[in-house]
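Here is my note on the model you asked me to look over. Please read it with the coordinates open.

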Amino acid sequence: MADLRTRYLGLELRSPLVASSSPLTGTLDGLKRLEAAGAGAVVLPSLFEEDLTEESREVDALLASGATGDEARAGYGAGAAAYLALLERAKTTLSIPVIASLNGVSRGGWVRHAARLEQAGADALELNIYYVSSSPGQSGSEVEWRYLDIVGSVRQAADIPLAVKLSPYFSSITNMAGQLVEAGANGLVLFNRFYQPDLDVETLEVVPSLELSTSTELRLPLRWIAILHGRHRISLAASTGVHAVEDVIKALLAGADVAMMTSALLRHGPDHLSQVEAQLAGWLDRHGYGSPGEVRGKLSQRSVRDPAAFERANYLKVLASHRERG
Ligand SMILES: Cc1cc2nc3c(=O)[nH]c(=O)nc-3n(C[C@H](O)[C@H](O)[C@H](O)COP(=O)(O)O)c2cc1C
């Protein structure tokens, strides 16, 4: 039977299957169910800096309501007190690593709250940097500098491993990855999936719209993980489009250390993890591999016979194959 143990951000995980940040990881009950289903680690929902300015009001409200960590839901406006309570309860209750997630605004905010999450016992911290620049005067390098400044500042304030959850919208992800490593990142989560606002043609309003992903969306993280594998001393997590065991295997082959799931777990429930885990172990056994480490990066850009398959050269081939099929 294959040994699924995996290292991610320097942490020992029992499997490469990680529950990414979502409402499912925002309650102790949800976290326990994910652990019971076999999650190698869990990432809590992001603590948003906007919530923290309301902090004293929330602490009062929480105390007044008599809520315990069990009832408290963390993230999405629940406030800092609830978040820290959940993190502390999760750390005493679970035996798998608990990764906190932070979404800051100001440099001071990122730094202060990273330090608090570390003190509350987080095994690692995921920096969910969500920055949309709509200013024509701001260059791509200025945007990149903001990311590097956040990572560098948090690095100085916290000693725990840091992962940066990126968007795919960079001109040179490989260069950016190298700079993030230099700034102190230990891991990259590729990618966050930002929700694009929709337009309602009846009310003529801009409306928020949240749709779960599909496996097809794995292609984007797959390409970049394959390109980045082995280039920097950094852990790589695949996020977006990991639904079935094939997706997990593809992520490993491209070079991911772990495969993260949200949409699949929201759609099928936490027990989906145990099925995927059993299927992964079965696949490794059938193919004669003893562990995920033996397949990791086998199809990364540095390992394949045709590295151009991940670059522009493949573009014409793909278009031509479509025409032939049509
Ligand atoms: C309802 C919902 C809430 C989410 N909340 C967060 C969050 O707080 N922080 C974060 O970094 N990502 C958040 N995500 C993004 C997921 O962690 C994940 O990166 C994304 O859904 C892509 O993975 P998937 O294809 O497995 O769903 C959320 C996703 C969903 C669907």
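This is a predicted model: local features need pLDDT of at least 70, side-chain atom pairs count only at pLDDT 80 or more; totals for chains, interfaces and linings use all residues.

1. Residues are numbered from 1 along each chain as its sequence is written, and side-chain values use heavy atoms, with hydrogens and water left out.

2. Strand E7 (residues 162–166) is largely enclosed by the rest of the structure, because 5 of its 5 residues are buried (under 20% relative accessible area, 1.4 Å probe, protein chains only). Strands (E, at least two residues) and helices (H or I, at least four) are DSSP runs numbered from the N terminus. Leu162, Val164 and Leu166 point one way from E7, whereas Ala163 and Lys165 point the other way. In a regular strand the side chains alternate between the two faces of the sheet.

3. E7 pairs in the parallel sense with strand E6 (residues 124–128) over 4 bridges, where pairing requires at least two DSSP bridges between the strands; Ala163 is the bridge partner of Glu126. On strand E8 (residues 187–190), with which E7 also pairs in the parallel sense over 4 bridges, Leu190 is the bridge partner of Leu166.

4. As for the ligand, a polar side-chain atom of Lys165 lies 2.9 Å from one of its oxygen atoms, and a polar side-chain atom of Ser263 lies 2.5 Å from an oxygen atom of the ligand. The protein covers 94% of the 610 Å² of accessible area that the ligand has on its own (Shrake-Rupley method, 1.4 Å probe).

How values were computed. Buried means under 20% relative accessible area, exposed over 50%, partly exposed in between (1.4 Å probe, protein chains only). A polar contact is a pair of N or O atoms within 3.5 Å; within protein, one must be able to donate a hydrogen and the other to accept it, and residues adjacent in sequence count only if both atoms are side-chain atoms.
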